[in-house]
Amino acid sequence: MNASKLLSVEDVAVDLPTARGNLRAVDRVDLALGAGRTLGIVGESGCGKTMLSRAILQLLPKKAKLSGRVMFDGQDLVRCSPESLRKLRARSLAVVFQDPMTSLNPVLTIGTQLIETLQEHLELDGATAGRRAVELLAAVGIPAPEQRLTQYPHQLSGGMRQRVAIAIALSCEPKLLIADEPTTALDVTIQAQILDLLAREQRRRHMAMIIITHDLGVVAGRTDEVAVMYAGRVVERAPTPVLFKNMHMPYTEALLAAIPKLDAAPHTALPAISGRPPDPTRPLKGCSFWPRCRYADGRCESEKPRLEGAETAAHQFACFHPIKLAAGVGV
Amino acid sequence: MATLELPIQEEAVSPVRKGRRLGRLFWAAVGWMILVFAVAILAPVLPLPSPTDMDMLERRATFSALHWLGTDGLGRDELARLAYGARVSLLVGLCAPIIGVTIGGALGMLAGYFRGRFEALAVGSMDVLLAFPPLIFALAVVAFLGQSILNLTCVLGVLSIPAFMRVARAATLTLARREFVIAAQALGASHARILLRELLPNVALPLLAFFLLGVAVIILVEGALSFLGLGVPPPTSSWGSMIGEGRESLDVAPRLAFIPAIAMFLTVLSFNLIGDTLRAITDPRQGAL
């Protein structure tokens with residue numbers, strides 16, 4: 001793997017022991033991300049997106065077993081000591097979650113949460129940290145930031161709370177920000193604002209970002225590269241423009257078809273992907289998508305397709321029957 | 001010990017009511033608490049007769065200018081004994097839950113946060129403590145170590161640890177998997193920092209409400225133990241021992257049992273009222289989730 005990469009995930013697998021048997025949440029994933037670049041991880045619920053992000057952060061549930069390597073800034077996070085891991089996180093990692101209500105401490109004011117984080121990370125005195133907090137809140141587009149400092153999370157709207165969560169995440173000047181479904185809990189107009197805000201701050205700070213979402217529309221135009229996950233595996237991976245122009249994996253196509261179109265006639269039924277993802281405690285022998293795939297045949301059922309390069313090495317997919325036609329950009 | 005019901009359910013108090021209208025009952029309770037605390041603290045400097053001086057000619061005297069609340073079966077001034085009894089009742093009633101909330105709260109938070117073997121051990125030992133008959137435990141300790149306010153406080157404090165531990169652990173369990181904790185970990189916060197700065201402010205609210213309830217219960221339990229002769233050694237008075245002594249003359253002078261009983265009733269009621277009201281107005285989570 002390229003040494004200049006900020007983050008490289010190599011052969012990472014996450015196993016969760018459950019009452020129904022071993023659950024492979026993430027199945028031998030390889031990813032890489034350069035400094036200042038954006039990676040989108042797309043897939044439906046339960047396909048291992050969040051587990052992968054937790055694996056990168058080394059914040060998996062205690063029972064989970066992780067194998068593989070997570071190289072960040074030249075260090076293997078999997079084999080780091082807890083103390084050096086903690087220091088590394090403090091310096092260079094941050095995360096923004098889906099639900100801004102639960103990602104802020106409900107009983108502390110915005111100011112307390114933000115200023116304490118600043119004091120902890122940048123070793124500022126109280127007054128300087130207070131000024132920095134106001135600057136940060138202003139930077140994430142919060143009006144009257146001085147006033148907000150004394151307010152509690154429940155006194156702010158959902159969009160405001162997410163902005164505060166982003167401000168806290170940005171406070172330690174991270175090199176990598178993981179945004180785990182950052183806009184799912186917000187309404188559509190706020191979604192665009194938050195995504196623009198993330199993109200703006202990313203450019204300004206030259207930080208790398210991973211956007212995790214189930215919405216291909218969110219990653220289009222905002223990411224450099226997209227990895228599509230299904231049942232714990234990366235099934236297609238390509239630079240964003242290439243993926244939207246020339247997708248090969250039937251699952252990617254199905255995800256794209258599931259995005260509502262503005263120009264569709266009113267009351268058109270939304271195309272949904274029929275069926276459900278396979279039971280992760282009972283892995284399928286062949287391709288995990290074959291029961292739901294319209295191109296599947298006997299080979300898909302018995303043999304697992306490997307993730308292989310297409311026209312370019314940057315575009316990889318795992319399918320025996322790739323879609324040949326240019327799907328066209330529909331978003 | 002009496003079973004404690006945990007009132008964490010959130011009452012819907014409209015924001016308008018917050019801080020403005022606390023209600024006459026609340027202020028009456030605050031007034032009573034101030035009176036009791038003032039009398040308890042100032043008892044030695046108040047112009048009260050000695051609570052232990054006996055006047056055999058004036059046994060069970062009724063209300064008079066000399067003895068405002070009369071005298072007890074041994075001719076001791078009832079008001080003075082009530083004031084000095086308040087010292088004991090409040091001292092035990094406050095110190096024992098402080099022991100419980102400190103040890104129990106810390107154990108509960110550690111158990112809820114770290115889980116695993118430590119949690120199993122902590123919960124198991126608390127179950128053992130809960131299964132042990134509290135009265136026998138108190139009897140044994142008093143028999144071995146002697147009757148004193150300190151021993152009484154320690155016994156009641158230890159007995160209140162499991163209840164506080166359960167509250168703290170339950171609150172921590174739900175909070176520890178919340179995303180703000182994971183976000184703090186992702187930002188490199190240490191375990192100590194997460195426990196003290198992120199979780200403690202959240203756990204403190206139910207613990208505080210439970211603490212005030214605990215004070216009320218401990219005052220009652222101390223009264224019960226003193227009534228049984230396991231409490232403070234005579235001639236020191238506590239409300240419970242006064243009720244116990246008053247029992248002997250219930251037929252001729254029922255006031256000797258009823259006056260300390262009323263004082264205890266009002267104090268316990270006040271603690272509960274203040275605890276409930278404070279919880280309702282200080283909980284910033286209400287209306288949020």
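In what order do the elements of chain B run from the N terminus on? They go α-α-α-α-α-α-α-α-α, and chain B has 9 helices and 0 strands. Chain A, by contrast, comes to 11 helices and 12 strands. Helices here are DSSP runs of H or I with at least four residues, strands are runs of E with at least two, and both are numbered from the N terminus.

This is a predicted model, in which local features need pLDDT of at least 70 and side-chain atom pairs count only at pLDDT 80 or more, while totals for chains, interfaces and linings use all residues. Residues are numbered from 1 along each chain as its sequence is written, and chains are lettered from A and ligands numbered from 1 in the order in which they are written.

**Confidence**

- The model scores ipTM 0.76 and pTM 0.76.
- Chain B has a mean pLDDT of 80, with 85% of its residues at 70 or more; pLDDT is the predictor's confidence in each residue, from 0 to 100.
- Watch residues 4–20 of chain B, where the pLDDT is below 50. Beyond near neighbours in sequence, that stretch has 14 contacts in the model. A contact means two residues whose C-beta atoms, placed from the backbone, lie within 7 Å.

**Overall build of the chains**

- Along its principal axes, the C-alpha trace of chain A spans about 70 × 55 × 40 Å.
- Of the 331 residues of chain A, 44% count as buried, and in chain B buried residues make up 41% of 289. Buried means that 20 or more other C-beta atoms lie within 10 Å of a residue's own; with 12 or fewer it is exposed, in between it is partly exposed, and the C-beta atoms are placed from the backbone.
- Take the contacts with a sequence separation of 6 or more: in chain A, 65% of them join residues 24 or more positions apart. For chain B, the share joining residues at least 24 apart is 71%.

**The 4-strand sheet of chain A**

- This open sheet has the order β2-β1-β4-β5, with antiparallel pairing. Two strands pair if DSSP finds at least two bridges between them.
- β2 and β5 (75–76) are the edge strands, and each pairs on one side only.
- β1 (residues 7–18) and β2 (residues 21–33) of chain A run antiparallel and are joined by 9 bridges. A hairpin connects β1(A) to β2(A) through 2 residues, and A:Asp15 stands opposite A:Arg24 in β2(A).
- β1(A) also pairs with β4 (residues 65–72) of chain A, over 7 bridges in the antiparallel sense. There, A:Glu10 has A:Arg69 in β4(A) as its bridge partner.

**The 8-strand sheet of chain A**

- The order is β6-β7-β8-β3-β9-β10-β12-β11 in an open sheet with mixed pairing.
- β6 (93–96) and β11 (308–309) of chain A stand at the edges with a single partner strand each, so one side of each is left without a neighbour in the sheet.
- A parallel pair sits within that order: 5 bridges join β3 (residues 38–42) to β8 (residues 208–213) of chain A. A:Val42 has A:Thr213 in β8(A) as its bridge partner.

**Buried parts**

- Helix α1 (residues 49–57) of chain A is largely enclosed by the rest of the structure, because 9 of its 9 residues are buried. Among them are A:Lys49 and A:Arg54.
- Just after α1(A), A:Gln58 takes a positive phi of about 60°.
- The largest nonpolar core has 157 residues, and A:Val228 and A:Val235 touch the most other members. α7(B) gives the most to this core, with 17 residues. Such a core is a set of buried Ala, Val, Leu, Ile, Met, Phe, Trp, Tyr and Cys residues joined through C-beta atoms within 7 Å.
- Leaving out residues up to four places away in sequence, A:Val235 touches several residues, including A:Met249, A:Tyr251, A:Phe289 and A:Phe317.

**Where the chains meet**

- 19 residues of chain B are in contact with 23 residues of chain A.
- On the chain B side, α6 (179–186) and α7 (191–227) each supply at least two residues, and α6(B) gives the most, with 6.
- By class, that side has 9 nonpolar, 5 polar and 5 charged residues. Ala, Val, Leu, Ile, Met, Phe, Trp, Tyr, Cys and Pro count as nonpolar, Asp, Glu, Lys and Arg as charged, and the others, Gly among them, as polar.
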